[in-house]
Amino acid sequence: TGCIFKYDEAHPLGSGIGFKEEDYPNFAESFYSETKGYMEQMLKCYPHCLILRVRMPISDDLFHRNFVTKIVKYERVVNIPNSMTVLTEMLPASLAMAKKGLTGVYNFTNPGVISHNEVLDLYKKYIDPSYTYKNFTVEEQAKVIKAGRSNNELDTTKLMADMPDGVVINDIKTAVELCFQRMKVNLEEMGWLPDNLPPEFKRA
């Protein structure tokens, strides 16, 4: 996972300076992130391993582990730009990397960052025009969650330089919009759109 970092003085929010593969984890405010940070250090000892740092994975459906499916159920979200992984583009890339024999750590996200608001605005545009949401601050969020949340930008220079020929990886904003376009078609074919989304995919 790439959720082992948080913006800091060397990697300020909005600076475009992302964490690189050799950077040591600086976020351990949840059991998940702390243990993943330890695990990465151990896996790096094995020269044959390919370690992919995925963040906030997004898919073309509303599968319950989809980042979109999770945040649309929240009344309020923190509007912070983050690196994210669009699985439709990145899963084929992972197979190509394995076939090429790549090993070691890679920041496995689409280049750039996108905010929660931008994601939800695209959800509203393509999936549910009636959808609404509100923002709150990190401090306000901390009062209602049990564990801290990682917010960061990962540097994808190494990933893009080593990517096998023929693999297309769009910047995150383009990739997410294309993802929602495909999601709309998928849900229309399932009969869920325009107005038949199951209750489990709606805010309670």
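Two residues are in contact when they have heavy atoms within 4.5 Å of each other.

## What you're looking at

This is a predicted model, where local features need pLDDT of at least 70 and side-chain atom pairs count only at pLDDT 80 or more, while totals for chains, interfaces and linings use all residues. Residues are numbered from 1 along each chain as its sequence is written, and side-chain values use heavy atoms, with hydrogens and water left out.

## The nonpolar cores

A nonpolar core is a set of buried Ala, Val, Leu, Ile, Met, Phe, Trp, Tyr and Cys residues joined through side-chain atoms within 4.5 Å. Buried means under 20% relative accessible area, exposed means over 50%, and partly exposed is in between (1.4 Å probe, protein chains only).

The largest core has 28 residues, and Met 84, Tyr 123, Ile 127, Val 176 and Phe 180 touch the most other members. Helices H2 (67-71), H4 (116-126) and H7 (172-190) each give it two or more residues; helices here are DSSP runs of H or I, at least four residues, numbered from the N terminus. H7 supplies the largest share, 7 residues.

Zoom in on Ile 127: skipping neighbours within four places in sequence, its contacts include Phe 180, Met 183 and Leu 197. There's also a second, separate core of 9 residues, with Met 97 and Phe 108 among them.

## The cysteines

How many disulfides does a search of the whole structure find? It turns up 0, a disulfide being a pair of cysteine sulfur atoms within 2.5 Å. For Cys 3, the nearest cysteine sulfur belongs to Cys 179, 18 Å away. Cys 3 counts as buried, at 16% relative accessibility.
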